[in-house]
Amino acid sequence: VTFRDHIRHGNVWTAEVELLMQDTVNEPPYSLWVVVDVIASNRDLARYIVADMYPEYQSIKMEDTPLSEDEL
């Protein structure tokens, strides 16, 4: 099974994850946004996987629909 097969079946979800970063204690924290594609059977499972991968996230933005071949 290839990544493209997962996309064809509607099992790839894109998430944007906000992580707080801080270079030194004296500097203010800043946001780092990470974009990740997750293979999951539905949006809720994909969000759960992302939250488990990045447990110290500040926010997670998930697409409402799975990734399509048109978006590649």
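Leaving aside neighbours within four places in sequence, Tyr54 is in contact with Val17, Leu19 and Val34. Contact here means heavy atoms within 4.5 Å. Tyr54 sits in the loop between helix 2 (43-53) and strand 3. Its relative accessibility is 22%, so Tyr54 counts as partly exposed. The classes are set as follows: buried is under 20% relative accessible area, exposed is over 50%, and partly exposed lies in between, with a 1.4 Å probe and protein chains only. From Tyr54 to Val35, 19 residues apart along the chain, the C-alpha separation is 12 Å.

A word on the source of these values. This is a predicted model, in which local features need pLDDT of at least 70 and side-chain atom pairs count only at pLDDT 80 or more, while totals for chains, interfaces and linings use all residues. Residues are numbered from 1 along each chain as its sequence is written, and side-chain values use heavy atoms, with hydrogens and water left out.

Now the fold. The protein chain holds two helices and three strands. Read from the N terminus, the order is α-β-β-α-β. The radius of gyration is 14 Å, well over the 11 Å that the globule rule gives for 72 residues, so the protein chain is more spread out than a compact globule. That radius is taken over C-alpha atoms, and the rule is 2.2 Å times the number of residues to the power 0.38. Helices (H or I, at least four residues) and strands (E, at least two) are DSSP runs, numbered from the N terminus. The C-alpha atoms fill a box of roughly 50 × 20 × 20 Å along the principal axes.

Next, the strands. Strand 1 covers residues 12-21, and seven of its 10 residues are buried, so the rest of the structure largely encloses it. Strand 1 pairs with strand 2 (residues 30-39) in the antiparallel sense, over 10 bridges. Two strands pair if DSSP finds at least two bridges between them. Within this pairing, Thr14 has Asp37 of strand 2 as its bridge partner. Strand 1 also runs antiparallel to strand 3 (residues 57-62), joined by five bridges. There, Val17 stands opposite Ile60 of strand 3. Val17 is also one of the residues that Tyr54 contacts.

Thr65 lies after strand 3. Its relative accessible area is 53%, so Thr65 is exposed. Thr65 and Val50 are 15 residues apart along the chain, and their C-alpha atoms are separated by 16 Å. Leu72 is also placed in the segment after strand 3. Leu72 is exposed, with a relative accessible area of 54%. Not counting residues up to four places away in sequence, Leu72 touches Arg4, Ile7 and Leu67. Leu72 and Val25 are 47 residues apart in sequence, and 40 Å lies between their C-alpha atoms.

Finally, the totals for the protein chain. Buried residues make up 26% of the 72 residues. Among contacts with a separation of 6 or more, 53% join residues 24 or more positions apart. The accessible surface comes to about 5200 Å², and 49% of it belongs to carbon and sulfur atoms. These areas come from the Shrake-Rupley method with a 1.4 Å probe; for residues, only the protein chains shown count as cover. There are 5 positive and 14 negative side chains, and the centres of the two sets lie 6 Å apart. Lys and Arg count as positive, Asp and Glu as negative; His and the chain ends are not counted. Each charge is placed at NZ of Lys, CZ of Arg, CG of Asp or CD of Glu.
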